[in-house]
Amino acid sequence: MTARDPEHGSLQLTAGDGGQADVYTSTDTNITISRCSVGEIVDVIADLLKRLGALLVLPGGTVILQRAADRAHLPQDLKDGWSHVVAPTGEEIAEAIRMS
């Protein structure tokens, strides 16, 4: 973490290669990641998703899951009309983002 603004619920993450991502918390169960660069920062995001047991919802209708079994736990609105990609690593997440 390189910067934190608790008043606005935001963090700016920076990886060893200089890649960055902005993380915003809007509720106890929702975070938004924006301005995410490629490189090591995607590994940081993959680790964050794993630690939180979370999934990544991409604009445009793709849901990135840690495990195929996670599909069963999706809310119905994320099951219908969304594509699902299992991508537990940073490299796989970056590829899923490129393909979406």
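Trainee: Which residues does glutamine 66 touch, not counting residues up to four places away in sequence?

Mentor: Contact means heavy atoms within 4.5 Å. By that rule, glutamine 66 touches Ala46, Leu49, Lys50, Ala54, Val86, Ala87 and Pro88. A word on the source: this is a predicted model, where local features need pLDDT of at least 70, side-chain atom pairs count only at pLDDT 80 or more, and totals for chains, interfaces and linings use all residues. Residues are numbered from 1 along each chain as its sequence is written, and side-chain values use heavy atoms, with hydrogens and water left out.

Trainee: What pLDDT does the protein average?

Mentor: pLDDT is the predictor's confidence in each residue, from 0 to 100. The protein averages 88, and 97% of the residues score at least 70. Helices (H or I, at least four residues) and strands (E, at least two) are DSSP runs, numbered from the N terminus.

Trainee: Is glutamine 66 buried or exposed?

Mentor: Buried means under 20% relative accessible area, exposed over 50%, and partly exposed in between (1.4 Å probe, protein chains only). Glutamine 66 counts as buried because its relative accessibility is 11%. Its place is the loop between strand E6 (62-65) and helix H2 (76-79).

Trainee: Which residues line the second largest pocket?

Mentor: The general idea first: rolling a probe the size of a water molecule over the atoms shows where empty space is left. On a 1 Å grid over the protein atoms alone, a pocket is an open set of points where a 1.4 Å probe fits, with protein on both sides within 12 Å along at least five of seven lines; lining residues have an atom within 4 Å of a point. Here the lining is Lys50, Gly53, Ala54, Leu55, Leu65, Gln66, Arg67, Asp70, His73 and Leu74.

Trainee: Which residues lie nearest the centre of the largest pocket?

Mentor: They are Ile31, Ile33, Leu55, Leu56 and Val57, from a lining of 26 residues. Strand E4 (30-34) gives the largest share of that lining, five residues.

Trainee: Which residues of H3 are buried?

Mentor: Gly90, Ile93, Ala94 and Ala96 are the buried residues of H3. They lie on the same side of H3, because they cover an arc of only 160 degrees around the axis, taken from the directions from the helix axis to the C-beta atoms. These buried residues pack against H1, E5, E6 and E7. The face turned away from the buried side carries the exposed residues Glu91, Arg98 and Met99.
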